[in-house]
Amino acid sequence: MAHLFEKTSFGSIQLANRIVMAPLTRMRSSQPGNVPNELMANYYAQRATAGLIISEASQVSQQGQGYPGTPGIHSPEQTEGWKLVTDAVHKAGGTIVLQLWHVGRISHRSHQPGGALPVAPSAIKPEGGTFSADWQPVAFETPRALELSEIPGLIEDFRRAASNAKDAGFDGVEVHGANGYLLDQFLQDGSNQRTDQYGGTIENRARLLLEVVDAVVGVWGSDRVGVRLSPYGTFNDMRDSDPVKLFTYVLGRLSQRGVAYAHLIEPRSSGAGGGDSVVENVPDTAELFRSAFNGALLSAGGYTADTAKHVVAAGLADAVAFGRFFISNPNLPRKIQEEAPFAPYDRSTFYGGGEKGYTDYPC
Ligand SMILES: Cc1cc2nc3c(=O)[nH]c(=O)nc-3n(C[C@H](O)[C@H](O)[C@H](O)COP(=O)(O)O)c2cc1C
């Protein structure tokens, strides 16, 4: 029976324990240019006792940005900035991978090159809104459907970003295929109604994700690439007519590629970035999809110390990622080991701002 403090590996990525820091957007990069900075380096270094840190989602291109202040991984300045982060984490004894992100339709013209419309698999407007480049709440608009001829450029953006992440000193990368962002928009038929080879059948809808994974694996090797998915997740207005068939197929293809890990977000915590309500009557996806993937499985979403111990001991996951509690408990592994209570988090300081609610939680 595995337990949380037993070491493990995701491909060639070594984890000193099975308590992982989930990717957490905090919108504190330096402007102009969305550049990672010393403050971010300090924040991540404080959390270096995690078995693995997954960085906040980082846009692979300007087109891939959807919120103000999120860091990128497409410019030389951003790559240099990330070196501060990887150096600080490594000096503190930690391991960190970068999450590669393109938001697709979850954006606003103010973030887009030339003030253009956000792009998506199909021109379907999601419910809800985001924040503009000057931090004003704005409703989503109907996105522009990507031309077939634009797909190779999109894949190249991911490849180049993966290569920048390597130059920046990360230990690997995670492809963000979850939470209703671009790759998830292609996967699910609620957002993908294309009639070319990237839409329609499950094989077609999964094509972009898998081509992106192949491009990124070309840079890193499959043993340092993870993929995050959110079956049954409803965040960002997502839906699919047959999630079991879709995600079983995707996980099967990822198994064949031998990626380092699959990272599944439990749908009960689908909207954790926006609120603390728990989604009821949804499947337990670690259980549902465990047998669909033959590599390391990382499970996230609404875990407590007890439920994390249980899911790993039961063999349903190899490790557990904590999000909100890593914000307010930089030393979360020690807290779990000592069975100490978790400090509460302050949601009002999740996004944007400075040290308050970021680097001032007791370590
Ligand atoms: C402030 C905040 C920011 C988040 N940013 C990201 C992100 O950048 N990438 C991502 O894949 N998930 C993101 N999520 C989702 C978390 O990684 C995680 O799946 C979710 O919080 C559920 O885990 P928890 O119950 O342990 O918090 C975010 C969640 C929160 C609360």
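Let's start with the ligand. It has 20 residues around it, and the closest are T25, R228, G302, G323 and R324. Here a residue counts as near if one of its heavy atoms lies within 4 Å.

A caution before going on. This is a predicted model: local features need pLDDT of at least 70, side-chain atom pairs need 80 or more, and totals for chains, interfaces and linings use all residues. Numbering starts from 1 along each chain as its sequence is written, and side-chain values use heavy atoms, leaving out hydrogens and water.

Now the polar contacts, meaning pairs of N or O atoms within 3.5 Å. Which polar backbone atom sits 2.7 Å from a ligand oxygen? One of G302. A57 also uses a backbone N or O atom, 3.1 Å from a ligand oxygen. Q99 uses its side chain: an N or O atom there is 2.8 Å from a ligand nitrogen. Taken alone, the ligand exposes 610 Å², and the protein buries 95% of that. Those areas are Shrake-Rupley values with a 1.4 Å probe.

Next, the fold. Eight strands form a closed barrel, in the order β3-β4-β5-β10-β11-β12-β13-β14, with parallel pairing. The average twist from one strand to the next is 25°. Strands are DSSP E runs of at least two residues, helices H or I runs of at least four, numbered from the N terminus. Pairing takes at least two DSSP bridges. Strands β13 (296-300) and β14 (319-322) have three. In one of the pairings, L298 has A319 of β14 as its bridge partner.

Last, a helix. α6 (243-257) lies across β11 and β12, at about 175° to β11. Contact means heavy atoms within 4.5 Å; angles, from 0 to 180 degrees, are between N-to-C directions of axes fitted to C-alpha atoms, for helices over the stretch in contact.

Conventions. A polar contact is a pair of N or O atoms within 3.5 Å; within protein, one must be able to donate a hydrogen and the other to accept it, and residues adjacent in sequence count only if both atoms are side-chain atoms.
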